[in-house]
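Take a look at the protein below. This report walks through its parts one at a time.

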Amino acid sequence: MSCALPERPTRIAIVGAGIGGLMFAASLGEGYQIDIFDHRSSLNGDGFGLNIQPIAVSELAGLGVLSRLCSLGIQTRAHRYLSSDGQQIMEEPRGRFAGEEMPQLSILRQDLVSTAEEQQDVQHASHSRQLARLSTGHRSSAPGTRLHVS
């Protein structure tokens, strides 16, 4: 039996087509066959707006999508707390307005999803397979996680 590591894998399964799953797929680059499994049958913009913190924006910038996201979203200037009668209680600058290198972005989830799709032309595998069940090995004698696909 060999102890050598296998060559770089070329096929990767990602469970979950949320922001994390899509951006992970986009970050892998070329040379991989990526299967994304999700309980939904299509990628869409379910949900509302997102407030992306500067540290996360720096990761997205590394994927080459910063200018696209800045054109779709808005740079968050400040976080404000107001009283019930509208009087400002506190204000805290955010992103570049707070001296950060990267902005804090407020963007629609759909815009982030479409940017991820455009960036890597991510293929969603649910048209041919549905995520049936993700189970941890606690019910069997085998350790680890198993993905059951139908």
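## Overall make-up

The protein chain has 4 helices and 9 strands. The model is a predicted one. Along the sequence, the elements of the protein chain come in the pattern β-α-β-β-α-α-β-β-β-β-α-β-β.

The protein chain has 150 residues, and 31% of them are buried. Its accessible surface comes to about 9800 Å². Carbon and sulfur atoms account for 52% of that surface. Now take the contacts between residues at least 6 apart in sequence: 58% of them join residues at least 24 apart.

Strand S1 covers residues 11-15. Its covered face holds Ile12 and Ile14. Its uncovered face holds Arg11, Ala13 and Val15.

Strand S2 spans residues 33-37. S1 and S2 pair in the parallel sense, over 5 bridges. Opposite Arg11 in this pairing stands Gln33 of S2.

## An open sheet: S3, S7 and S4

Three strands make up an open sheet. Their order is S3-S7-S4, and the pairing is antiparallel. Strand S3 (49-52) and strand S4 (74-75) stand at the edges. Each has a single partner strand, so one side of each is left without a neighbour in the sheet.

Strand S7 runs from residue 105 to 108. S4 and S7 are antiparallel and are joined by 2 bridges. Ile74 has Ser106 in S7 as its bridge partner.

## Helix H2 and its two faces

Helix H2 is made of residues 54-62. Which of its residues are buried? They are Pro54, Val57 and Leu60. Seen down the axis of H2, these buried residues fall within an arc of 110°, so they line one face of the helix.

The face of H2 turned away from the buried side carries exposed residues: Ile55, Glu59 and Gly62. Just after H2 comes Gly64, which takes a positive phi of about 85°.

## The S5-S6 hairpin

Strand S5 holds residues 78-82, and strand S6 holds residues 88-93. The two pair in the antiparallel sense over 5 bridges. Together they form a hairpin, with 5 residues between the strands. In the turn, Gly86 has a positive phi of about 90°.

Tyr81 lies in S5. Opposite Tyr81 stands Met90 in S6.

Glu100 lies in the loop between S6 and S7. Its relative accessible area is 44%, so Glu100 counts as partly exposed.

Which residues does Glu100 touch, leaving out those up to four places away in sequence? They are Pro54 and Gly95. Pro54 is one of the buried residues of H2. Glu100 and Pro54 are 46 residues apart in sequence. In space, their C-alpha atoms are 7.2 Å apart.

Conventions: Residues are numbered from 1 along each chain as its sequence is written. This is a predicted model: local features need pLDDT of at least 70, side-chain atom pairs count only at pLDDT 80 or more; totals for chains, interfaces and linings use all residues. Side-chain values use heavy atoms; hydrogens and water are left out. Buried means under 20% relative accessible area, exposed over 50%, partly exposed in between (1.4 Å probe, protein chains only). The arc is that of the directions from the helix axis to the C-beta atoms. Two strands pair if DSSP finds at least two bridges between them. Contact means heavy atoms within 4.5 Å. Accessible areas come from the Shrake-Rupley method with a 1.4 Å probe; for residues, only the protein chains shown count as cover.
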